[in-house]
Amino acid sequence: MTDWNAMSDAEFRKEVRQFFEAEYPEELRHLPHRPKFAEIEHWHRKLHAKGWVAPAWPAEFGGMGLNAAKLLIFYEEQQRWGVNRGRDMGVQMVGPLIIKFGTREQKDYWLPRILSCEDIWCQGYSEPGAGSDLANLRTRAEIDGDDFVINGQKIWTTMAHDATHIFMLVRTDPDAPKKQQGISFLLAPMDQPGVDVRTITTLSGETEFCEVFFDNARTPRENLVGELNKGWTMAKALLSFERIFIGSPSLAQNALGQLESFARGRGAFDDPVFRDRFAQAALDVEDHAALYARFADQLKRGETLGADVSMLKIWVTECFQRITELMIEAAGPDGGTIGPLQVGNVSVDVLSSFYKARPTTIYGGSNEIQRNILSKAVLGLPG
């Protein structure tokens, strides 16, 4: 087994970059949609054979065991080359939680299946009326013999129609004195009576989100991860690295590159007003990248990120939205056209990019919530 952390950062970056550039299929670069597993299965098999499916997992569980600095490099190179994340809910979310809180039996059973994608996972968190305020969730799980019986509804469940299993937060003690209490973390199979998945078509025409209805669905009691009624604390543990990766500058950087290529083809830079607005957007992207680098350096030094990391998500998503709005304007009367617009060798779906930018300020904790976090935890303002 290779000790990746013993390499210099430059050596590691070179190795990761060479592999992605040589092996990642060109037709899958910068996909504008979330693919189903069948579409990217051959790429997953390559990663699995190389042992690169789970870069953050400890080596003893089949991961690369990367430290924070190497992990940032790995993800930066993925984003730079347009490598699709794939169906990584198992690797990124439920796997680390099982490693931290699961029993030995759960680790031995579930972790190899996650790495091989024998099981494909979706996340059952948000509900109608329980999105950013997730502690309001109402989906119930009641003990019945050796099983939990689940009733309720989840919404905005990404790629649930392509998943074999769901990890979910459920209410197991409705009489708990605080809403964050009485919540448990369960694993459940999707292919069973009592689970109904309905896709949600977005404005851009994609069907990556779903509603999932549970009507007396069942899962064995052994699929409880951690302690009963302690799921809220466990769910928060999943946010450690997600807080910085959701604020990665690549989201705005890629959009800015598309805007520049498209605008040059359209002659938009002949307009001094457009040039000024583009320059402002470019400066915003550079400023955000510098801020991201500061937080990345904290991780590399082994420091814990504070609440101020919420700035990253706010900045990059709102910058992304402004760039897509400018792209619509650069397209002129074609800005409302459905499908890609061709300008020379450049093909850009400006309307789809605009639509995709809208929910970014909502998912992963709405920007309003992030601002509240900054005001209370960073600035010390009253609630």
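How many residues does helix 12 have, and how far does it reach from its first C-alpha to its last?

1. Some ground rules first. This is a predicted model, where local features need pLDDT of at least 70 and side-chain atom pairs count only at pLDDT 80 or more, while totals for chains, interfaces and linings use all residues. Residues are numbered from 1 along each chain as its sequence is written, and side-chain values use heavy atoms, with hydrogens and water left out.

2. Helix 12 covers residues 367-378, so 12 residues, and spans 15 Å, close to the 16 Å expected at 1.5 Å a residue (that is, 1.5 Å times one less than the number of residues). Helices here are DSSP runs of H or I, at least four residues, numbered from the N terminus.

3. Asn367, Gln370, Leu374 and Ser375 are the buried residues of helix 12 (buried means under 20% relative accessible area, exposed over 50%, with a 1.4 Å probe and protein chains only). They line one face of the helix, because they fall within an arc of 135 degrees seen down its axis (taken from the directions from the helix axis to the C-beta atoms). Glu368 and Ala377 are exposed on the other side.

4. Helix 10 (310-330) is among what covers those buried residues, with contact meaning heavy atoms within 4.5 Å. After helix 12 comes glycine 380, with a positive phi near 75 degrees.

5. Now for isoleucine 40, in helix 2 (residues 37-50). Isoleucine 40 counts as buried because its relative accessibility is 5%. Leaving aside residues up to four places away in sequence, isoleucine 40 touches Leu28, Pro35, Asn84, Gly86 and Arg87. From isoleucine 40 to leucine 374 is 38 Å, C-alpha to C-alpha, and 334 residues in sequence.

Technical notes: Helix = DSSP H or I, 4+ residues; strand = E, 2+ residues; numbered from the N terminus.
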